[in-house]
Amino acid sequence: MIEIPKGTEKEDIAIRKRIIFEFYQKWKQEHPEMRMYNQSLKEYINIRYVSIDETCAHASKNYLSTLAVLQLDAILTLAVKKSVTLAKSNSRNQKPFEKMITMIYDCPGIGAVKLTVGVRKVTHEKVQYCITALDVKKSIPKDA
């Protein structure tokens with residue numbers, strides 16, 4: 001089993017970033033279609049370069065977020081849609097998307113995990129954008 005550093009030093013973040021990247025590479029080999037069916041959206045969520053790039057950059061900053069990424073299959077399949085916003089027009093990585101869907105998954109041992117899914121402008125393809133663990137003090141809203 002790989003030891004995941006819990007610290008906040010640059011070295012710790014770099015190690016977590018590498019762990020996430022290597023996890024995605026292995027996942028892509030095991031899932032050549034590079035997608036999973038989400039029960040809430042009733043559509044496939046696809047993994048693309050931006051999925052790996054954004055998730056490596058953001059999830060690596062936090063130990064729990066790194067652990068959450070390792071639960072990718074469950075998150076992609078079981079996360080529940082909470083809200084939809086317009087994509088940020090000033091963000092290079094969000095430029096190909098018209099909307100961003102915020103989804104939540106209650107991950108055992110981790111808590112609430114946020115899955116952000118981009119909706120491509122022309123094709124409306126759903127693409128996993130980022131995965132991060134929410135503050136453990138926050139709970140999943142009951143009414144959402």
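**Notebook: salt bridges and overall fold**

I searched the whole structure for salt bridges, counting a side-chain nitrogen of Lys or Arg within 4 Å of a carboxyl oxygen of Asp or Glu, and the search finds five of them. I keep in mind that this is a predicted model, in which local features need pLDDT of at least 70 and side-chain atom pairs count only at pLDDT 80 or more, while totals for chains, interfaces and linings use all residues. I number residues from 1 along each chain as its sequence is written, and the side-chain values use heavy atoms, with hydrogens and water left out.

**Entry: Lys126 and Glu43**

I looked up Lys126 and found that it forms a salt bridge with Glu43, with 3.1 Å between the closest N and O atoms. Lys126 belongs to strand β6 (residues 126–133) and Glu43 to strand β2 (residues 43–46), so this pair ties together parts that are 83 residues apart in sequence. For helices (H or I, at least four residues) and strands (E, at least two) I use DSSP runs, numbered from the N terminus. I call a residue buried under 20% relative accessible area, exposed over 50%, and partly exposed in between, with a 1.4 Å probe and protein chains only. Lys126 is buried at 10%, and Glu43 is partly exposed at 33%.

**Entry: Arg48, Arg120 and Glu125**

Which residues are linked with Glu125 in a network of salt bridges? I found that Arg48 and Arg120 are linked with Glu125 in this network. The closest N and O atoms of Glu125 and Arg48 are 2.6 Å apart. Glu125 lies in the loop between β5 (111–120) and β6, and Arg48 in the loop between β2 and α2 (49–59), so the pair ties together parts that are 77 residues apart in sequence. The side chains of Arg120 and Glu125 meet at 3.0 Å, N to O. Arg48 counts as partly exposed at 26% relative accessibility, and Arg120 is partly exposed too, with 22%.

**Entry: the whole chain**

I then read along the protein chain, which has four helices and six strands in the pattern α-β-β-α-α-α-β-β-β-β. I noted that 42% of its 144 residues count as buried. The C-alpha atoms fill a box of roughly 40 × 35 × 30 Å, taken along the principal axes. For contacts, meaning heavy atoms within 4.5 Å, I looked at residues at least 6 apart in sequence, and 55% of these contacts join residues at least 24 apart.
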